[in-house]
Every structure is written in C-alpha cells, then in structure tokens.
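Please examine the sequence and the structure displayed below. The report that follows treats one residue, then the whole chain, then further details.

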Amino acid sequence: MIRNVLSIAGSDPSGGAGIQADLKAFSARGVYGMAVLTALTAQNTQGVTGVHPVPPQFVADQIAAIFADIRVDAVKIGMIANAAIAEAVADSLARHRDVPIVLDPVMIAKGGAALLAADAVDVLTRRLLPLATVLTPNLPEAAALLHETEAKSREDMARQALALAKLGPAAVLVKGGHLEGRESPDVLASAGALTWFEADRLPTKNTHGTGCTLSSAIAAEIAKGRPLPQAVASAKDYLANAVAAAGQLSVGSGHGPVQHFHALWANNEGVEK
C-alpha cells in the first residue's frame with residue numbers, strides 16, 4: 001500500500017524549498033504527497049523578498065478537508081509564519097494524535113530572512129512541540145527555541161538535543177550542518193539516549209531546501225513503517241546524495257536546490273542535452 005503524507009508549510013516559487021521541496025521528496029521516497037499551504041513567499045535562490053500568510057481559519061479548513069476524506073499516514077510541518085497559524089495547526093492536529101508528526105521549525109531562511117514571527121515561537125513551543133514525533137531543528141533554530149547561543153561542538157549539540165526533548169517532542173534530531181569542519185553530523189535524542197548520524201560535508205553552495213527535504217524524507221520513511229533511527233538514517237543518506245547531485249541542475253545564481261530526483265534521473269536518460 002502506498003502511504004499518504006501531508007505537508008503543512010509555505011510555498012517557495014523557485015521550487016527548492018517549502019511545499020515544492022516536500023512534494024518532490026515525498027515522490028522520490030515513494031509516498032503520495034499532499035499539501036496544506038500556510039504562506040506564500042516571494043523568493044528565489046538569492047533570498048526571500050516577501051511573505052503573505054494564509055488566513056489561519058483557511059489553514060484549518062485545508063487540514064480538515066484532507067482528514068475528512070483521506071487516510072494520512074504521517075504529517076510534516078514546516079513554515080507556520082505566525083502565532084495564529086501555529087494555533088490553528090495545533091488545534092487541527094490535536095484531533096489526530098495517532099498520526100506521526102515531523103516538525104521542522106522553519107524560522108530563518110538560507111539568506112537570513114525571518115520566516116517565523118517572534119510571538120509564534122512561544123506558541124510553537126507550547127502547542128506544537130508536544131505533538132511532535134520528532135523535532136528537526138538546525139543549530140540556529142535549536143538555539144532560538146532554547147534561548148541559548150548556537151552550538152559550536154558536538155557536546156553542545158547533544159546537550160541542546162536533550163534539553164529540547166524535555167519541551168515535549170517524543171524525539172529531537174539536531175542537525176549539524178552549521179558546524180565548522182569537514183563533517184556534518186546530526187544527533188538524535190530519543191528516550192534519553194543519543195544516536196549520531198555521520199556524513200562528510202560536501203563542497204557545494206547548492207543547499208537550498210535541505211532542511212525541508214530531510215524532514216520530508218523522514219516523514220515518508222516513518223509513514224512506511226520504519227523505526228525512527230532507521231528512518232533518519234535513510235533520509236540522511238537520500239539527502240546526501242541529493243546534495244551531491246545538485247550540480248546536475250542549473251537553477252538561479254545563489255544557493256541552488258538539491259537534486260531531489262537524483263536516483264530517478266540517473267545519467268539524464270531521456271533528457272535532451
């Protein structure tokens with residue numbers, strides 16, 4: 001049976017992040033993707049120039065429409081934009097506690113633009129974190145949620161992962177892509193234990209949408225029934241290959257997208273050169 005996964009997130013018209021990246025990742029991982037829009041953005045590979053939030057009630061209406069008709073095997077939450085939308089999402093999903101949720105706290109765009117209003121951080125922490133099967137912050141997001149400075153070492157990452165787990169999510173995956181050095185480790189805190197996932201840092205600027213892609217791939221693997229550690233390992237391997245193949249694409253002049261379909265478009269078969 002093909003699994004159904006719902007993304008609740010913002011739109012990226014350049015196609016590299018947000019809902020567009022989520023749907024690509026879902027398809028690449030073999031699940032059927034659905035999308036509830038929380039915000040429209042004006043952005044490209046160089047940055048975000050505008051954000052237009054969807055009315056909170058309409059976000060709730062979209063979620064209700066999906067659950068009224070379609071089996072949902074997992075949910076991924078990305079950009080929620082503001083406090084009112086966060087409340088609407090929390091109220092909607094609280095009715096479906098049996099569905100696993102991957103929460104990617106999208107707070108800051110690759111170019112530095114704020115994607116989450118300050119008052120929404122409190123709502124996200126109080127209402128959405130306790131609903132999450134796994135929270136997937138990068139280092140700046142983990143620091144912001146804890147009101148601490150950004151982790152500079154593996155020890156800092158591990159401590160912050162355990163601290164975030166105390167805020168309510170069943171598990172926390174702190175992503176180490178912002179660490180200095182040749183490695184890009186992630187650490188999973190679950191049931192008080194830590195599991196590390198290793199990867200080499202790839203020499204590319206084409207990392208637009210990596211967080212969206214990883215969290216969506218994790219949601220897809222959880223929907224297919226994989227235990228969380230295996231789901232994370234599979235998703236991280238998929239993302240590493242997508243980043244490694246990003247040079248196959250020619251999209252924009254800033255931080256380009258990853259190649260979500262690297263395994264399907266191998267050698268560009270069927271593509272006119």
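## Arg-127

Is Arg-127 buried, partly exposed or exposed? Arg-127 is partly exposed, because its relative accessible area is 23% (buried means under 20% relative accessible area, exposed over 50%, and partly exposed in between, with a 1.4 Å probe and protein chains only). The residue is found in helix α4, residues 118-128 (helices are DSSP runs of H or I with at least four residues, strands are runs of E with at least two, and both are numbered from the N terminus).

Leaving aside neighbours within four places in sequence, Arg-127 is in contact with Glu-87, Ala-90 and Asp-91 (contact means heavy atoms within 4.5 Å). Arg-127 and Gly-168 lie 41 residues apart in sequence, and their C-alpha atoms are 9.3 Å apart in space.

## Basis of the model

This is a predicted model, in which local features need pLDDT of at least 70 and side-chain atom pairs count only at pLDDT 80 or more, while totals for chains, interfaces and linings use all residues. Residues are numbered from 1 along each chain as its sequence is written, and side-chain values use heavy atoms, with hydrogens and water left out.

## The chain as a whole

The chain contains eight helices and nine strands. Its radius of gyration is 17 Å, close to the 19 Å that the globule rule gives for 273 residues, so the chain is as compact as a globular protein of that length (the radius is taken over C-alpha atoms, and the rule is 2.2 Å times the number of residues to the power 0.38).

Of the 273 residues, 52% are buried. Among contacts between residues at least 6 apart in sequence, 68% join residues at least 24 apart.

## Thr-38 in strand β2

Thr-38 belongs to strand β2, residues 32-44. With a relative accessible area of 0%, Thr-38 is buried. Not counting residues up to four places away in sequence, Thr-38 touches Ile-8, Ala-9, Gly-10, Pro-53, Val-54, Val-59, Met-79, Ile-80 and Ile-85.

## Helices α1 and α7

Gly-18, Ala-21, Asp-22, Ala-25 and Phe-26 in α1 meet Cys-212, Thr-213, Ser-216 and Ala-217 in α7. The residues of this contact divide into five nonpolar, three polar and one charged (Ala, Val, Leu, Ile, Met, Phe, Trp, Tyr, Cys and Pro count as nonpolar, Asp, Glu, Lys and Arg as charged, and the others, Gly among them, as polar).
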